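I opened a structure I had not looked at before and kept short notes. The entries follow the order in which I looked things up.

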Amino acid sequence: MTDVDQPAPIRLVICDDHRVLTDALALIIRSDPGLELVADPVQDPDDAIALCREHHPDVVLMDLILNARLNGIEATRAIKEVSESSRVVIMTGQPDDRGLVAAVEAGASGFLNKTTALENVVEAVKAAAEGEILIDPATLARVLATLAREREVREDAGRVLGQLTERERQILDMLARGQRNNDIAQSLFISPQTVQTHVRNILRKLGVHSKLEAVALAVRHGTRPS
């Protein structure tokens, strides 16, 4: 086979603040002719995002928990926005279903436990580049079930919030902005008693017991009024 026939190497970005791990990974990757680092491993997700914006790597190995402005899930979401084709593989030492679900929703292609042997990491990188899902079947089943439940909860919350009148949605939005009943009354040119009545109606319709619960429901499910 000639050089022309050689497939292009899989291009990677590594983001992890454990220097011993990244040095070992970089050494293994650089010894494999089928892999190529687009830059030295980085510790800050912002740097990884910038590399992805510039180089559009095939695979990104991203630590879940970092001592930085962004965590691995937030970084994954940002990377998928600037380089949609990049496959992000989350690396974690303590996988949990909540983190897995959040990572899936952010666009991650799979997960690697940091206890995985280095040679297995290389195989995982190659599988991710080919579009494989890096998650064992049992965990995948749990994650999908959780996603289905949360989707149903969001749909239910959307229907409930949809019962609010325009004025009730307006007041809920103002509550979410930290305004008190008297401030809302002055802004809307209505009496504080009228605001209280609207708040009681909001709580009743949403099936919650406090203004904080009402605001949390709206914000959590992404249906907070604008």
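**Cavities, sheet and helix packing**

I began with the second largest cavity, whose lining has 5 nonpolar, 2 polar and 1 charged residues by class. I note that the model is a predicted one.

Which residues form that lining? I listed Leu64, Ile90, Thr92, Asp96, Gly99, Leu100, Ala103 and Phe111 around the second largest cavity. Strand E4 (87-92) and helix H4 (97-106) are the elements that give two or more residues to this lining. H4 gives the most, with 3 residues. I noted a volume of about 30 Å³ for the second largest cavity.

I then asked how many cavities of 30 Å³ or more the structure holds. I found 2. The largest cavity contains about 60 Å³ of space.

I wrote down the lining of the largest cavity as Leu21, Leu25, Met91, Leu112, Asn113, Lys114, Thr116, Leu118 and Val121. By class I have 6 nonpolar, 2 polar and 1 charged for the residues of this lining. H1, E5 and H5 each supply at least two residues to the lining of the largest cavity.

Next I looked at how H1 and H5 meet. Helix H1 (residues 19-30) packs with helix H5 (residues 118-129) at an angle of about 65 degrees, and their axes are 10 Å apart. I recorded the crossing of H1 and H5 as right-handed. On the H1 side the contact is made by Ala24, Leu25 and Ile28, and on the H5 side by Leu118, Val121 and Val122. I classed the residues of this H1 and H5 contact as 6 nonpolar, with no polar and no charged ones.

In what order do the strands of the open sheet run? I read E2-E1-E3-E4-E5, 5 strands with parallel pairing. Strand E2 (35-37) and strand E5 (110-113) are the edge strands, each pairing on one side only. Neighbouring strands are turned by 30 degrees against each other on average, direction ignored.

I checked one pairing in detail. Strand E1 (residues 10-15) pairs with E2 in the parallel sense over 3 bridges. I found Glu36 in E2 as the bridge partner of Arg11.

My last entry is on helix H2 (residues 45-55), which packs on the sheet and touches E1 and strand E3 (59-63). The direction of H2 makes about 160 degrees with that of E1.

Definitions and conventions:
Residues are numbered from 1 along each chain as its sequence is written. This is a predicted model: local features need pLDDT of at least 70, side-chain atom pairs count only at pLDDT 80 or more; totals for chains, interfaces and linings use all residues. Side-chain values use heavy atoms; hydrogens and water are left out. Two strands pair if DSSP finds at least two bridges between them. Helices (H or I, at least four residues) and strands (E, at least two) are DSSP runs, numbered from the N terminus. Axes are lines fitted to C-alpha atoms, for helices over the stretch in contact, and angles run from 0 to 180 degrees between N-to-C directions. Contact means heavy atoms within 4.5 Å. A crossing is left-handed if the near helix is turned anticlockwise from the far one by less than a right angle, and right-handed if clockwise. Ala, Val, Leu, Ile, Met, Phe, Trp, Tyr, Cys and Pro count as nonpolar, Asp, Glu, Lys and Arg as charged, and the others, Gly among them, as polar. On a 1 Å grid over the protein atoms alone, a cavity is a set of points where a 1.4 Å probe fits but cannot get out, and a pocket is an open set with protein on both sides within 12 Å along at least five of seven lines; lining residues have an atom within 4 Å of a point. Grid points are joined across faces, edges and corners, and a volume is the space filled by probe spheres set on the points.
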